[in-house]
Amino acid sequence: MNRTFRSFAVVTVALVVFGPLGLIIYQSFLSEAFFSPTARPSLGAYQYVLADSGFHSAFGTSLLVSFGMTVIAVPLGSLLAFLLVRTDLPWKKFLEPWLLVPIFLSPVVLAFGYVVAVGPVGFFSLWAKSLLGTIPWRLYSLYGLIVIAGLTHVPHSFLYVSSALRSLDPSVEEAARVAGAGPWRIAATVSLPLVLPSILFSSALIFLLGFELFGLPLVLGDPAGLLVLTTYLYKLTNLLGVPSYHLMAVVALSIVALTFPLVYAQRRMLRTAGRFAVIGGKGQAFRPLPLGAFRWPAVGIVLLWLLVTVLLPLIGVALRSVVSQWGEGINLAEVLTLDHFRELQNHPNLIRGIINTLLLGGIGGALSVGFYAIIGLAAHRWQSRWVSFLDYLVMLPRALPGLIVGLAFLWVFLFFKPIAPLRTTLFSLWIAYTVVWLAYGLRLISASLLQVKPELEEAARVIGAGQGKVYGDVTLPLIRFGLIGSWLLMFMMFVREYSTGVYLLGPGTEVIGSLIVSLWGTGALDLISALSVIEVVSVGLILFIALRLGVRLDA
Amino acid sequence: MNSLRLGTLVFCVLMASVSPGYTAETNPNAAAAQKEGKLIIYSSTDSASVEPILQDFKALYPFLQVEYNDLNTTEIYNRFTAESASGSGTADFMWSSAMDLQIQLASKGNALTYASPENSSLPKWAIWQNQAYGTTFEPVSIAYNKRLLPADAVPQSHADLVKLLKAKPDVYKEKIATFDPEKSGVGFLMMTQDAKVFPQFWDLAKGLGATGAKVYTSTGAMLEKVGSGEHTLAYNIIGSYVLLRQKKDASLGYVLPKDYTLVFSRIAFISKSARNPNAAKLFLDYLLSKRGQTVMSEKSLVYSIRSDVPGPITAAGLNKDLGKAVKPIEVNTDILAGLEQTKRLEFMKQWKEALKR
């Protein structure tokens with residue numbers, strides 16, 4: 001049974017990954033669209049892209065952005081996770097939902113929020129100007145882009161590290177505390193090193209997301225000519241007049257190639273997985289570490305990060321949603337209005353869009369986690385080359401940038417006839433989302449699995465439980481934080497996702513993301529802002545409730 | 001603003017009298033369309049703006065279920081080509097502002113030949129082979145911020161703009177926005193037309209470069225930033241978009257350049273492989289009809305292409321105001337010259353050099 005189960009997992013993942021990816025590889029070796037009757041085998045696309053200086057500089061910029069963003073996001077995210085999960089930080093329950101806002105808010109909206117707040121004529125900038133005579137920062141710069149990308153990805157890292165920390169056996173920290181270590185020392189030498197797999201996973205995933213960034217660089221970098229790989233890709237859709245799929249495919253594959261060293265390095269660092277197995281058999285009551293004198297400075301750090309990363313853009317967006325005009329020479333008190341919210345009511349398909357989005361995020365997200373859990377369990381404690389194959393495999397779909405992965409899924413659903421009827425249903429969207437976020441959902445689960453000590457499962461087996469019963473009664477309950485974390489992440493990713501499904505959407509299957517993009521095209525930023533406010537409030541409420549429920553499982 | 005409201009009022013009165021003349025029974029395609037029962041449209045006209053048009057169309061033909069897909073121009077092209085190639089059915093009616101892509105699709109045999117009964121009321125240049133139809137008459141303008149730019153400082157022509165950039169590069173530093181021709185097909189089309197009509201175009205490009213102009217991929221983003229004052233002026237903005245935005249943001253204004261005003265048209269064609277060709281014909285006829293064009297002009301605030309539709313937001317109005325300065329981009333295969341790769345890349349290169357990017 002185990003054998004068939006495992007082969008099933010490997011074959012399924014290989015199929016769903018190589019479907020879209022295979023098409024793109026094939027496309028890269030052709031002279032034009034693969035479905036065009038005049039397409040011929042050709043290396044021309046590689047010759048063009050690899051020789052183009054625009055590609056080189058875009059690749060360099062992307063590398064820099066990814067690196068800078070990872071360096072900012074991972075340490076900060078880990079620190080926040082430690083503070084919120086393991087210590088007696090005040091106001092924890094209140095802070096956590098806010099922390100997650102940057103994950104589900106569309107990056108275009110986030111970037112626009114920054115423009116309204118700290119852009120050249122943003123309200124905060126104008127205020128600073130009136131005080132200092134000049135604006136001491138420059139939003140539209142490489143530096144601005146890296147800082148904002150880094151800060152807004154802190155929650156991603158937070159989610160991975162915190163779910164691992166929640167499962168950590170408190171006795172190890174307790175031992176360090178009894179031996180006289182302060183909270184910072186415990187974090188740096190005990191807690192965080194023990195969740196190293198999650199920190200490394202999140203670093204690799206965030207690094208990859210750096211190459212994926214599109215909304216932020218489009219709004220913050222593009223007007224000044226700052227090109228990253230995705231905006232370079234965007235250029236390729238128009239550069240030659242008609243979209244040049246073969247060139248786009250080559251650019252996408254250059255990012256795919258990057259995943260190999262990334263996964264390799266990560267695997268090398270995690271060779272001895274046994275070191276991290278800390279979910280033991282003996283249950284222990286969890287007592288938060290006292291921060292002592294650091295209590296309030298620690299709250300200060302968290303609040304400062306929240307202010308810059310969440311409040312600033314959110315205030316920008318919220319402000320835009322209640323004014324008819326803004327910027328230089330405007331007295332905001334005179335232009336206040338609720339018209340944008342009223343106007344939103346007349347907008348066709350709004351309600352359906354919201355319902356679809358929540359369905360896809362809530363139920364779809366849960367189904368995806370179910371699928372990821374099956375894959376995770378199949379690879380669990382399996383000493384085989386197939387596991388390393390899986391490790392590489394799952395990273396590949398997200399390495400394809402949104403602009404091209406959307407096309408790839410359209411092609412798959414059009415040209416692979418057995419699944420063609422699904423194309424116009426929400427189901428196609430769900431499949432595409434599940435495949436693209438495979439690595440991200442799976443990592444949270446497999447990181448938790450790494451923490452489970454083998455003796456618990458062995459004990460169950462000794463008393464005669466079959467493999468299914470071991471998983472159902474022992475393994476899965478032990479990794480519940482990983483599963484919940486994974487669902488939370490998928491919920492938020494699915495709520496915000498748009499480009500993956502852009503070609504699968506139609507009347508009846510609209511989502512909030514598509515509404516935002518269609519409004520963006522006409523410049524209805526007032527309506528986008530109003531819609532985003534509604535989104536933040538409703539998703540925030542759901543998260544708040546979910547976190548409460550998650551916490552109850554803790555008891 | 002008031003004249004607009006008045007216009008709407010007049011329009012409502014008119015509608016009551018016009019409508020009996022154009023009904024479902026009078027169109028010979030109506031019976032066949034009723035059997036089809038459905039119409040699939042891919043369009044780049046956003047759903048909020050098209051709503052009045054669709055509503056009126058549905059009122060005429062209540063038996064048709066209209067599936068309106070609001071997509072961007074690249075998405076329309078990508079979807080249509082892939083769906084056609086896979087043989088799994090695609091749009092019946094294609095309506096997009098990417099004039100070049102639409103003509104390219106039509107010229108490759110994707111469009112159904114159909115002589116609309118409205119043909120005689122359209123300018124000759126707006127119809128290509130009875131396949132591709134120009135449906136609108138939209139002037140390309142210079143948008144500006146009324147709050148920050150006094151009326152007498154606003155350039156009234158392309159030549160004025162060149163002079164302004166030369167005279168005051170510091171005042172306009174990073175204050176000007178325009179399309180990025182590398183990323184926007186519409187932007188590219190306008191600029192190549194500019195380069196054709198306007199001998200000083202490359203001086204203009206250099207002037208934009210010298211002031212550190214910002215380049216955008218969408219009109220919406222530009223207008224938002226002109227409204228906020230981050231930019232004071234945006235070059236090559238479709239007038240209809242400014243009109244729509246003016247309803248909400250009174251600080252936006254636009255100028256139709258006196259030396260020449262490019263006129264741009266959203267192109268429609270009926271797909272050759274349409275499953276509902278008769279419904280598509282019905283929609284094309286309606287869109288080009290006096291009734292449809294009147295709704296377009298007065299409710300959707302998109303310039304009508306028919307000379308018999310009165311009012312400010314119409315071809316008639318523009319021709320009266322600007323006379324010979326009106327330069328429509330004609331609906332024919334000349335546009336495809338812009339898709340020729342070496343020339344296209346050469347233009348982009350020259351643009352980047354002028355802009356010093």
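I count a residue as buried if 20 or more other C-beta atoms lie within 10 Å of its own, as exposed if 12 or fewer do, and as partly exposed in between, with C-beta atoms placed from the backbone. Helices (H or I, at least four residues) and strands (E, at least two) are DSSP runs, numbered from the N terminus.

A note on the model before I start. This is a predicted model, in which local features need pLDDT of at least 70 and side-chain atom pairs count only at pLDDT 80 or more, while totals for chains, interfaces and linings use all residues. Residues are numbered from 1 along each chain as its sequence is written, and chains are lettered from A and ligands numbered from 1 in the order in which they are written.

**Entry: helix α7 of chain B**

I began with α7(B), which is mostly covered, since 10 of its 13 residues are buried. Among the buried ones I noted F188(B), L189(B), M190(B) and M191(B), as well as Q193(B) and D194(B). I then checked the length of the helix, residues 185–197: at 1.5 Å a residue it should span 18 Å, and its end C-alpha atoms are 18 Å apart, which agrees. The expected span is 1.5 Å times one less than the number of residues.

**Entry: the nonpolar cores**

By a nonpolar core I mean a set of buried Ala, Val, Leu, Ile, Met, Phe, Trp, Tyr and Cys residues joined through C-beta atoms within 7 Å. The largest has 191 residues, of which L80(A), V251(A), I404(A), A408(A) and I516(A) touch the most other members. Helix α3 of chain A (residues 53–86) gives this core its largest share, 16 residues. Contact here means that the two C-beta atoms, placed from the backbone, lie within 7 Å. Another core, of 106 residues, lies apart from the largest one and includes V242(A), V162(B), Y172(B) and I176(B).

**Entry: a helix crossing in chain A**

Next I looked at α6(A) (residues 107–118) against α16(A) (residues 295–321), which pack at an angle of about 85° with their axes 7 Å apart. Axes are lines fitted to C-alpha atoms, for helices over the stretch in contact, and angles run from 0 to 180 degrees between N-to-C directions. The two helices are therefore roughly perpendicular to each other, a label for angles of 65 to 115 degrees. Among the residues making the contact are F112(A) and Y114(A) of α6(A), and L312(A) and R320(A) of α16(A). By class I find 13 nonpolar, 2 polar and 1 charged residues there. Ala, Val, Leu, Ile, Met, Phe, Trp, Tyr, Cys and Pro count as nonpolar, Asp, Glu, Lys and Arg as charged, and the others, Gly among them, as polar.

**Entry: where the chains meet**

Here 43 residues of chain A are in contact with 53 residues of chain B. On the chain A side, α14, α20, α26 and α27 each supply at least two residues. That side divides into 25 nonpolar, 15 polar and 3 charged residues.

**Entry: loops of chain B**

Most residues other than glycine have a negative phi, so I stopped at two. N130(B), in the loop between β4 and β5, has a positive phi near 55°. E174(B), in the loop between α6 and β7 of chain B, has a positive phi of about 60°. N130(B) is partly exposed, with 14 C-beta neighbours inside 10 Å.

Definitions and conventions
Angles under 35 degrees count as roughly parallel, over 145 as roughly antiparallel, 65 to 115 as roughly perpendicular and the rest as oblique.
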